[in-house]
Amino acid sequence: MASLYLNSLLPLPPNSHPQKLIEPSSSSSLLSTSNCNEVSLKPIVINGDPPTFVSAPSRRIIAVGDLHGDLGKARDALQMGGVLSSDGRDQWIGQDTVLVQVGDILDRGDDEIAILSLLRSLDVQAKANGGAVFQVNGNHETMNVEGDFRYVDARAFDECTDFIDYLQDYGQDWDKAFTNWISESRQWKEDRRSSQTYWDQWNVVKRQKGVIARSILFRPGGRLACELARHGVVLRINNWVFCHGGLLPHHVAYGVERINREVSAWMRSAANYEDSPQMPFIATRGYDSVVWSRLYSGETSELAEYQIEQVNKILQDTLEAVGAKAMVVGHTPQLSGVNCEYGCGIWRIDVGMSSGVLDSRPEVLEIRGDKARVIRSNRDTFHELQVADYI
């Protein structure tokens, strides 16, 4: 496991006032703690279907950015976060840690389904130890359910074809088949490579087969679309809100639980949604506007300062409305690595780690209470802002 270097351990802005988390109701889910913990923790309480509001008392949270089909980098990031074993067995070692992945698992890489399978397997293991794994759908998940395959790697179509064939061996036992794919996919991939010929790259029939397989899996009501529907697009855990691109006051006014419910229903339904209302919270329609860094840097300092004040006000209004102290987003690769802006009211954790994006070194965000720090490889250079030990 890589050495852990810490930076940016900063308290959150004091001027936001979180609302009380929704009390557990009949629709709430309770995750019990592991009986092997020396100190008994309160259970994790999940409200909403898909999960929208989560109370995870005294839990360490690890947040991971965009993965884009790169299984190797995904494993590296999870190992850096201390939740995945490094022995190749894909075992959860995070105990009662809560893991959050903020979307864009799909596109640009060739192990998308394997990553989805890995996260589901880790969720099962984490729950047995008092932890949990949550995902937030990003714009690339939405695009694939819409049938937009512009950014799909050619080898990802092959994975879809293999996965369809693999499912036939499991009959109707979807849960077992899906969680086992992470341990089976490598062999399927190797078998496919060993049988490939020089001419396969121009095999139109093979390509069409892959497109059809992907359409079957990801179309609304498809097996993987329903799997994605288990996750929302906005998730609040304790006083932190996680979303792929960003959140604005009018999204909160519309209702984050309502947004999650409507997007999930669209993904699950095989009905024709052409006449349905426009989805209110999709990255391709501009909801990532608060991911801005220092805009208008080439303008006058007065204009830049004014813009920063305006964006900060929008951010603080959003956080107050959703009852959070800070927001964690992905979507936009950060060349400088994981960073925060606006008094650390927003953390940007997409580092473009996938080989299909920037092929950069993985970084993850660790959260304890109202503080956060970045975990990076010891081979990276960084500016250490503040270091504090957890006691």
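# Notebook: strands, a helix and salt bridges

I began at Leu30, whose bridge partner in β3 is Val45. The model is predicted: local features need pLDDT of at least 70, side-chain atom pairs count only at pLDDT 80 or more, and totals for chains, interfaces and linings use all residues. Residues are numbered from 1 along each chain as its sequence is written, and side-chain values use heavy atoms, with hydrogens and water left out.

**Entry 1: strand β3**

I noted how strands are named: they are DSSP runs of E, at least two residues, while helices are runs of H or I, at least four residues, and both are numbered from the N terminus. Two strands pair if DSSP finds at least two bridges between them. Strand β2 (residues 29-31) pairs with β3 in the antiparallel sense over 3 bridges. I then checked the other neighbour. Strand β4 (residues 53-55) is joined to β3 by 3 bridges, and the two run antiparallel. Val45 has Ser55 as its bridge partner in β4.

Are the faces of β3 covered or open? I found both covered. Ile44 and Ile46 are buried on one side, Val45 and Asn47 on the other. Buried means under 20% relative accessible area, exposed means over 50%, and partly exposed is in between (1.4 Å probe, protein chains only).

**Entry 2**

The hairpin of β3 and β4 has 5 residues between the strands. Gly48 there takes a positive phi near 100 degrees. Pro50 is in the loop between β3 and β4. I looked at the peptide bond that joins Asp49 and Pro50, and it is cis, with omega about 5 degrees.

**Entry 2: positive phi elsewhere**

Asp107 has a positive phi near 75 degrees. Its loop lies between β6 (98-101) and α2 (112-127). Asp107 is buried, with a relative accessible area of 0%. Asn238 has a positive phi of about 55 degrees. Asn238 is in the loop between β8 (234-237) and β9 (240-243). It counts as partly exposed, at 24% relative accessibility.

**Entry 3: helix α1**

How many of the 10 residues of α1 (residues 71-80) are buried? I found 7. Among them are Leu71, Ala74, Leu78 and Met80. I traced what the buried residues pack against: β5 (60-64), β6, α2, α5 (174-195), β13 and β14 (371-376). Contact here means heavy atoms within 4.5 Å.

Then I checked the ends. Asp70 caps the N-terminal end, with a side-chain oxygen 3.3 Å from the backbone nitrogen of Gly72. Gly82 follows α1 and has a positive phi, near 75 degrees.

**Entry 4: salt bridges**

A salt bridge is a side-chain nitrogen of Lys or Arg within 4 Å of a carboxyl oxygen of Asp or Glu. By this rule I have 22 salt bridges.

I looked up Arg60 and Glu366, whose closest N and O atoms are 2.5 Å apart. Arg60 is in strand β5 and Glu366 in strand β13, so the pair ties together parts 306 residues apart in sequence. Arg60 counts as buried at 12% relative accessibility. Glu366 is also buried, at 3%.

Next came Asp148 and Arg150, with closest N and O atoms 2.8 Å apart. Asp148 is buried at 18% relative accessible area, whereas Arg150 is exposed at 59%.

Arg258 is partly exposed at 36%, and Glu262 is partly exposed at 26%. I also noted a network: salt bridges that share partners join Asp110, Asp111, Asp153, Arg155 and Lys189.

I looked at Asn139, which is in helix α3 (residues 139-145). Its side chain makes a polar contact with the side chain of His331 (3.2 Å). A polar contact is a pair of N or O atoms within 3.5 Å; within protein, one must be able to donate a hydrogen and the other to accept it, and residues adjacent in sequence count only if both atoms are side-chain atoms. Asn139 counts as buried, at 7% relative accessibility.

**Entry 5: the whole chain**

The protein chain has 10 helices and 14 strands. Buried residues make up 54% of its 391 residues.
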